[in-house]
Amino acid sequence: MTSQCQSFSLPAIPAKHKHSLLLAMRDYYENIGQYKANKKIVRTPIAQYDCGKKMPQSLSYNEIKLWQIDQEDHPFRAQYFADLPDFLAGYFADKYIHLLRKEGRKAANSFLRQTLGGNIQSRLSQVKARYQAVSLSALAINFADEFAQLATLGTKKLANLSVEISNYLNKHIQHCLADQDFCLTANHIESDSLEQKLYRCVLKELSGINIPPPYLNDFNHNKLTNENCIKALAKITNHEWWQRKLKTRRDFEHEHLAIAVGQVQKKASPYASRSCQMEWKEQKRRNQKYLEKMMIENQDTGEQIPLDLQVYKSIANPAIRRVELMTRMRGFEDLADELGYQGAFITLTAPAKYHSAHAKGGFVENWQGNTPRETQAYLCKVWSRIRAKLNREHIQFFGFRVAEPHHDGTPHWHILIFMRPEDIQKAFYTMWIYAMDEDGEEQGAAINRFEFKDIDKQRGSATGYIAKYIAKNIDGYALENEIDTQTGENLKASSKAITAWASRWKIRQFQQLGGAPVSVWRELRRLKSKKVTDDIIDPVLASADIGDWAAYTAHQGGPLVKRKDLKVRLAYEDKLNQYEEIIKKIKGIYAPIHGIASTIYTRLTKWRLVPKSSLNNVKANQASPLRAERTPWSSVNNCTVTNDCEQQRRIIKQQLKIIGLADNDFNVNRLYLRESIKINPCQHLMLTDRLDGLHLIISNHSVKNHCIDSQKIPPKRLYKHEF
């Protein structure tokens, strides 16, 4: 018996369990005070309302508000508010509380049953289905919770999610490369290469979250090269690329859900939801704050200019943008008068199934859950069919198109075009047929779908017809006393909501139909009053300098000119971005009939962003007035004073002789075209234009694509000749 007792022992307690017991005992002695004779136990009196039901855990903000007002009907309300985001539930919670206090529980619960329990629930399900992928993937499963709440994620959470997804895909690619079977099955055939296999693996992962990878269109048409596969994989594993994609997806889904529940309409918030408008205003405030903190610095001279001043002088300024649009529109009208063309004002609207709410209130029953971007794509398709048909009928026109939203955010178009008077009737029938092609028999389509008005010169100019729509969609200039027919509000106040709508859905508001491109016009205006010897470029430059759009268009070939027949076009240079993709950047203008040798460079000065400091402020105050007097544009004009081609070539030859290099035609032509000449493996020679003459610059760094990278310009020039 004794031996048996000695062999018996208690099981050992793990260290972590011992630690938990010690903590529990300590809390018991300190809080209860059973073994502390001098400690008095203080009991907190229980309030009367604590005797009721205990509030459930994990309630949203709006559910807590409703619980505090009424606890009995919480199970009934939970079925409607449980999965509804707070930015959507706020309106229904406030309306429920209002009805509960004024009309009682029956009216409040009936409101929820008829709205969230009726058509709104089906509309929400319809919208959510558009952002759900048909096929699942490992990426979609791992980040299912994050994508389910994507519409409510803030900026920081969105940034963290982008880092996690990029890291996940990077590990996935590394795992595939470490798999010998995966690599050995790939061969050197283009369609079965290792790069193509990696792209297909990533494509399968992204298909589960409905985000297309780069170069998907090339892949679908069997045009994807191995080089582009590598560029696509570089983008997919970059968190910045993911942050942009996720933000766009978040913004679209957030506003789309707001449209579904009726938060974007005349009786709630017309054009854009209140949250969308507040985010737009906050983004404008942050942008302005950033502009005020930064300056741009000339890398050659060290000249510094406030960034906000340059933005204010550029086309980004709504006032300058509006004035330019009116100038172009007036120029088109002058050309139409000279040619004897007749003007017409057209309104094009989408079918009822693209609209979410009626103007008089209530939801559209056959709404298909379309976004404003999808409606814009429908209008573009209809207009492309109209344009193709008119082209086959040899009916030519030119003018402007303005896209603006209805009260529920659905876009419609206002088009002002000019054509020959004998073509007006035929064009009307053609446009009517294509505008009414889809659901043309529905109620109200004959009245609301398409409108065609001949412009009566006795009642006003053609520009006057569209001036209100241009101002309404930019800054509401001179519309203080005008009333919006869509909402009944002041037009100037509505302009901010319209701009927020266009920014959220990334819709192009204004588009020119026919005529010469405005991009060439803007580049020519950088040269200001410079006179060039080229007999083709000089009249186009002179008309752009004085702001005469009609003369500029006429010198370019007229309002019906084709792109291949333009007298002056943009000159581009190739640059590489961070993904080694070739992008086209404007470097100047040239006359195609004279070739690339007629190029006039407008963007030669290299600028960089630098933060403001006390020293920068002193420099800015000294430089800004002179700068403002010299040019109103955001980039410096560096047109060569010596515009004669032969004179420039003679100067280049003279400088080459001084340096000791061969002055043959090959070297002269390369320098004249602003391309580099390799002197040795470490040095390149380039020609740059300055206001005071021509300079040869020797760089110690290699030059890619025949241009000097702004971050690789040496701080000290090794050699320079001035003439």
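**Briefing: cores and the cover of helix α21**

Helix α21 has buried residues, and their cover includes α17 (318-339), β3 (342-348), β4 (398-405), β5 (411-419), α22 (491-505) and β7 (510-513). The model is predicted. The chain has 723 residues, and 45% of them are buried.

**Helix α21**
- Helix α21 spans residues 462-472.
- Its buried residues are Ala462, Thr463, Ile466, Tyr469, Ile470, Ala471 and Lys472.
- Both helices and strands contribute to their cover: α17 and α22 are among the helices, and β3, β4, β5 and β7 are among the strands.

**Nonpolar cores**
- The largest nonpolar core holds 65 residues.
- Phe81, Ile417 and Met431 have the most contacts inside this core.
- Helix α5 (residues 86-102) gives the core its largest share, eight residues.
- Another core, of 40 residues, lies apart from the largest one.
- Ile455, Phe510, Val532 and Ile537 are among the members of that other core.

**Contacts of Ile417**
- Leaving aside residues up to four places away in sequence, Ile417 touches Gln342, Gly343, Ala344 and Ile346, among others.
- Its partners also include Phe397, Phe398 and Gly399.
- Met431 and Leu513 are touched by Ile417 as well.

**Whole chain**
- The secondary structure consists of 28 helices and 14 strands.
- Take the contacts between residues at least 6 apart in sequence: 64% of them join residues at least 24 apart.
- The chain exposes about 39600 Å².

Note on methods: Residues numbered from 1 in each chain as written. Predicted model: local features only at pLDDT ≥ 70, side-chain atom pairs only at ≥ 80, totals over all residues. Heavy atoms only, no water. Core = buried A, V, L, I, M, F, W, Y, C linked by side-chain atoms within 4.5 Å. Buried < 20%, exposed > 50% of the residue type's maximum accessible area, 1.4 Å probe, protein only. Helix = DSSP H or I, 4+ residues; strand = E, 2+ residues; numbered from the N terminus. Contact = heavy atoms within 4.5 Å. Areas by Shrake-Rupley, 256 points an atom, 1.4 Å probe, with all protein chains shown as cover.
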